[in-house]
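Q: Please take a close look at one strand of this chain. Describe its surroundings and its partners in one connected account.

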Amino acid sequence: MKIAVLQGPNLNRLGVRKPEVYGTVTLPDIVADLDVLAGEIGVELVHFQSNHEGAMIDWLQSVEGEIDGVVCNPAGLTNYGLSLRDALNECGVPVAIIHLSNVHAREEWRRHDVFAEIATVYFAGAGWYGYRHALQALLSKIGAK
């Protein structure tokens, strides 16, 4: 089984950008942790991060047909990334949406998540550990099919 892990804008700055909100764990730390977990449960992960929505869509379309699910943190695209939302919706596999912070408990403008309605699995506010939850829940949903 192969799962795509897609990371949105500014996630390359984790550990530096607003540590009081997003924590001090870096994106390479998250990738390493997920890869260890994936190895333990026998799943292959492919990772991609970009600060550009089009690059994220291009990558997602390049792995389409090779993946069984997607874990995605749309980050800065959460409120308006409709092109990425459509690409995720059209990829034909279950999608887990993850947010490090609880976007629903933050500023009003952050509370509208265009990805929520297409999510098979949705985690917000669990910090970096939410990725582990999202991966495991997504695998549970895939296995239940």
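A: Helices here are DSSP runs of H or I with at least four residues, strands are runs of E with at least two, and both are numbered from the N terminus. The model is a predicted one. On that basis the chain has five helices and five strands, and their order along the sequence is β-α-α-β-α-β-α-β-β-α.

A residue counts as buried when its relative accessible area is under 20%. For the chain, buried residues make up 47% of the 145 residues.

In a regular strand the side chains alternate between the two faces of the sheet. In β3, Gly-69, Val-71 and Asn-73 point one way, while Val-70 and Cys-72 point the other way, and all are buried.

Two pairings involve β3. With strand β1 (residues 2-7) it pairs in the parallel sense over five bridges, and Ala-4 stands opposite Val-70 of β3. With strand β4 (residues 95-99) it also runs parallel, joined by three bridges; here Val-70 stands opposite Val-95 of β4. Between β3 and β4 the chain passes through helix α4 (residues 82-90), and this β-α-β crossover is right-handed.

As for the chain overall, 73% of the contacts between residues at least 6 apart in sequence join residues at least 24 apart. The accessible surface of the chain comes to about 6900 Å², with 49% of it belonging to carbon and sulfur atoms.

How values were computed: Residues numbered from 1 in each chain as written. Predicted model: local features only at pLDDT ≥ 70, side-chain atom pairs only at ≥ 80, totals over all residues. Heavy atoms only, no water. Buried < 20%, exposed > 50% of the residue type's maximum accessible area, 1.4 Å probe, protein only. Contact = heavy atoms within 4.5 Å. Areas by Shrake-Rupley, 256 points an atom, 1.4 Å probe, with all protein chains shown as cover. Pairing = 2+ DSSP bridges. Right-handed = clockwise from strand over helix to strand, strands pointing away.
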